[in-house]
Amino acid sequence: HPTFDNFYISAFKPINITLLNGFIKNSDKDKPFFTKGEFKGQLNIQGKTNFPIINGNFSLSDIRIPSFDALIKFADVDFSEKNIIIKDSNMDIAGSSLRVGAIMDNVLDMPMMINRLEINSNSINLDKINKVLKDQQSQTDADNNGSLFGAQLPPLVIMDGNIYANEFIINNLITNNSSAKINFTPDWMLTVPEISLDAAKGKVSGDMLFNFDCKVLRGHLCARDMKANAAATTMLKLPNEVYGRLNGDISFSTKGTSEKDFISNANGRVNFNIEKGRLIRLGSVEYLLRILNLVKGGITRLSLNSIVDIFVPYKTGYFNNLSGTIDIKNGVLVTDNVVFQGDNLSLYLSGKYDMSNSQTDATILGKLPKKLSGTLGPIGELSIHSLVDVIPGLGYMPESGQKPLVDVIPELDKIPVISLGGGKYRYFMVNLKGDLYGSDYVKDFKWINP
């Protein structure tokens, strides 16, 4: 190989960086890598061309790289005998402004070894950055017949990285005071051993790992005092269904290149406990009865709504505690031990929910006090027995003979106690099948005991 012998590059005045486009391969061959910007500095190069030793410094300003939706506002870089040091830089990627500092080995070879990386930002939108990187990767993969970046080794290795952001947006969830430790190894493994952030009034911590080569994602996250709806929407694809203060954890693994893949290939387990909240489609008697659509036998919709509205003052969808364990199997949530405990209603839920299409196949067992009484004005006490009489199609389970109910339906024992009712309860069973966010997922609603 040819050698450099005290080869100097001096640019005391800014030079247009687009002059370097001829030396840089862009994924889009029809467009330049740089569209604007300047660089200046002084570099001394010695040694073989394939393994040069560089000393000096240079600075970049206003560098536009359209293929990465990136703008390097400024960067100051020093080359010493052993290290390349990015003393300070300010860059914008897909609308996220980053201050970046780094210490790298002064070895111009692939992969580039980054010994320490520090990224600070007021706001990082990972959703937008991820889209840009995916678009770039798709183009690069196509140019290299499916080989990621056209090489067996990654372009860089990160030994010790730290990311800090006042605001961090991931999967449309806005988090604050976010920090993460990262490292990226030559086998394309991105490890995030420490994650800490504030989200939805609570705190989240955990760790994650992503293999860029085989597209496998694994992780474990813990949530403390977080709003349940935010967690259920982001992690379980259950938007606007459960509210309250969440404490829980999730362990998961998945694989793919798109959100659809990640959902359908997801496996793992969720443990949760939610306090003082509300369950909308699964925990409200009035909601379930309306969905059942019992308008037949001469009863009008207005009459049905008037009857169902009797339940509303009791807030049957509200709970003191909702807890359980959910297994995730190939994108389907599966459980047999979710329990709901409220003042006027307790429930036991079991079944399945497909995160990709909202299809549910589940059973709800519940109990109410035999007499719901309170401040109902002229209505006075509500007798569930009379409710059965006036709504056709809302009936009892078949007679079970002299056997105790718990022998006929053992799961009744799993329904939590309720504080009201004086020990006299009415049990019921609801079978669900269909789109949880549709209008016909309640297939029947039966009282178990008269």
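Where in the structure is the place of K237? Look in the loop between α2 (228–236) and β13 (242–255); helices (H or I, at least four residues) and strands (E, at least two) are DSSP runs, numbered from the N terminus. Before going on, keep in mind that this is a predicted model, where local features need pLDDT of at least 70, side-chain atom pairs count only at pLDDT 80 or more, and totals for chains, interfaces and linings use all residues. Residues are numbered from 1 along each chain as its sequence is written, and side-chain values use heavy atoms, with hydrogens and water left out.

Back to K237: its phi is positive, about 55 degrees, although K237 is not a glycine. K237 is also buried, at a relative accessible area of 18% (buried means under 20%, exposed over 50%, partly exposed in between, with a 1.4 Å probe and protein chains only). A200, another residue other than glycine, has a positive phi near 50 degrees, and sits in the loop between β10 (189–199) and β11 (202–211).

Now for the rings. The whole structure holds 6 aromatic pairs, meaning rings of Phe, Tyr and Trp (its six-membered ring) with centres within 6.5 Å; planes under 30 degrees apart count as stacked, over 60 as edge-to-face and the rest as tilted. Take F184 and F212: their centres are 5.6 Å apart and their planes at 75 degrees, so this pair is edge-to-face. It ties together distant parts of the chain, 28 residues apart, with F184 in strand β9 (residues 173–184) and F212 in the loop between β11 and β12 (216–227). F184 is buried at 9%, while F212 is partly exposed at 26%. F212 also pairs edge-to-face with F210, at 4.8 Å centre to centre and 80 degrees between the planes. Ring pairs link F184, W188, F210 and F212 into a cluster.
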